[in-house]
Amino acid sequence: MRHFLTLNDFSKDEILDILNLAAEIKKEAKSKNYISYLKDQTLAMIFEKSSTRTRVSFEVGIHQLGGKGLFLSSRDIQLGRGEPVKDTARVLGRMVDMIMARVYKQSDLVELAKFSGVPVINGLSDDFHPVQLMADLLTLSELGLNLQTMKVAYIGDGNNMTNSWLMAASKLGFELRVATPKGYEVLQWVLDIAEKNAKISGANLIITNDPKVAVSGADVVTTDTWVSMGQEDEKEKRIKDFAGYCVDDAMMSLAAKDAKFLHCLPAYRGYEVSQSVFEAHAEEIFSEAENRLHAQKGVMVWCDRKRYE
């Protein structure tokens with residue numbers, strides 16, 4: 001059995017295999033040829049953190065694959081009342097075929113995977129957001145970029161998106177430049193893992209506090225909100241600390257000609273991205289959002305297949 005908790009758990013070939021599967025399933029969906037890969041299977045969807053894209057993409061995705069999604073808010077299940085994660089895992093594992101969880105602690109996902117007996121998918125944690133990266137990679141592949149030789153600049157907070165980009169780059173071998181303000185750098189343990197992977201893949205990882213250095217000549221520029229869920233009380237401080245990190249026209253002009261811009265949404269114009277840059281790249285951004293649906297279907301089908309190999 002294979003779970004989908006972080007891209008660090010996968011080889012380059014496995015990541016590319018899932019992306020190819022997602023592209024195939026997307027092509028089928030676009031022709032309205034829905035194949036019931038997961039016929040009559042049930043996906044439990046645990047949400048400690050609310051989300052537009054995660055809920056809709058997983059619920060629609062499992063439906064299009066022939067199964068059913070079961071939405072479980074932490075307010076509605078015993079997990080939110082103090083039941084041990086391992087007990088919730090052992091109950092759900094006897095009733096459903098797969099679990100997706102959008103949680104705070106990565107350790108809760110690990111415990112769900114350990115005790116559930118069914119595949120567990122990370123819909124987001126404070127440490128990693130691997131399903132978003134799969135959507136991003138699928139989008140960039142569709143836009144014609146080589147996922148093993150492209151140059152990507154990430155501008156912003158050293159958060160779960162940054163961590164996931166580091167896992168993706170260090171596994172696939174592309175160049176990643178990460179620019180964060182001082183005090184918001186990537187966690188050292190994440191960087192240690194990425195650098196270890198990079199010795200195998202040949203990835204070039206550049207960590208800097210200068211966004212202009214990161215963006216210069218990049219094929220892709222990406223960012224994320226400066227104030228993630230649960231950080232609202234830090235908003236004013238963060239806005240001040242991130243001065244100069246807004247991806248605006250001047251910053252994008254430093255990137256390669258025809259550079260792509262991605263944002264995992266929701267986007268706050270005038271903060272991490274300017275209105276003009278967002279609208280100029282809206283087609284890329286909303287294709288990226290749509291690809292959450294298709295990439296996650298690829299992940300679910302791949303995990304299901306691994307149960308029987």
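**Entry 1: a term before I start**

I count two strands as paired if DSSP finds at least two bridges between them. With that settled, I opened the model, which is a predicted one.

I asked which residue is the bridge partner of Y154 in β6. The partner is V178. I then looked up the two strands around this bridge. Strand β5 covers residues 151-155, and strand β6 covers residues 175-179. They pair in the parallel sense, over 5 bridges.

**Entry 2: the sheet around β5 and β6**

I found an open sheet of 5 strands, in the order β7-β6-β5-β8-β9. The pairing in this sheet is parallel. I checked which strands sit at the edges. They are β7 (205-208) and β9 (260-263), and each of them pairs on one side only.

**Entry 3: strand β3**

I moved to β3, residues 98-102. Is this strand enclosed or open? I found that 5 of its 5 residues are buried, so β3 is largely enclosed by the rest of the structure. I noted the side-chain directions too. M98, M100 and R102 point one way from β3. I99 and A101 point the other way. All of these residues are buried, R102 included.

Then I looked for the partners of β3. Strand β1, residues 42-47, is joined to β3 by 5 bridges, and the two run parallel. Within this pair I picked out L43, whose bridge partner in β3 is M98. Strand β4, residues 120-124, is joined to β3 by 4 bridges, and these two also run parallel. Here I found A101 opposite N122 of β4.

**Entry 4: S274**

I went on to a single serine. S274 lies in the loop between β9 and α11, and α11 covers 275-280. I took under 20% relative accessible area as the cut-off for buried. S274 has 11% relative accessibility, so I marked it as buried.

What does the side chain of S274 reach? It reaches the backbone nitrogen of V277, at 3.2 Å.

**Entry 5: E309**

I turned to E309, which I found in the segment after α12 (282-306). Is E309 buried or exposed? Its relative accessibility is 69%, so I count E309 as exposed. I also looked up how far E309 is from L133. They are 176 residues apart in sequence. In space the gap is 26 Å, C-alpha to C-alpha.

**Entry 6: the whole chain**

I counted its secondary structure as 12 helices and 9 strands. I looked up the radius of gyration, which is 19 Å. The globule rule gives 19 Å for 309 residues, so the chain is as compact as a globular protein of that length. The C-alpha trace spans about 55 × 45 × 35 Å along its principal axes.

How many of the 309 residues count as buried? The share is 57%. For the accessible surface I noted about 13400 Å², of which 49% belongs to carbon and sulfur atoms. I finished with the contacts between residues at least 6 apart in sequence. Of these, 76% join residues at least 24 apart.

How values were computed: Residues are numbered from 1 along each chain as its sequence is written. This is a predicted model: local features need pLDDT of at least 70, side-chain atom pairs count only at pLDDT 80 or more; totals for chains, interfaces and linings use all residues. Side-chain values use heavy atoms; hydrogens and water are left out. Buried means under 20% relative accessible area, exposed over 50%, partly exposed in between (1.4 Å probe, protein chains only). The radius of gyration is taken over C-alpha atoms; the globule rule is 2.2 Å times the number of residues to the power 0.38. Contact means heavy atoms within 4.5 Å. Accessible areas come from the Shrake-Rupley method with a 1.4 Å probe; for residues, only the protein chains shown count as cover. A polar contact is a pair of N or O atoms within 3.5 Å; within protein, one must be able to donate a hydrogen and the other to accept it, and residues adjacent in sequence count only if both atoms are side-chain atoms.
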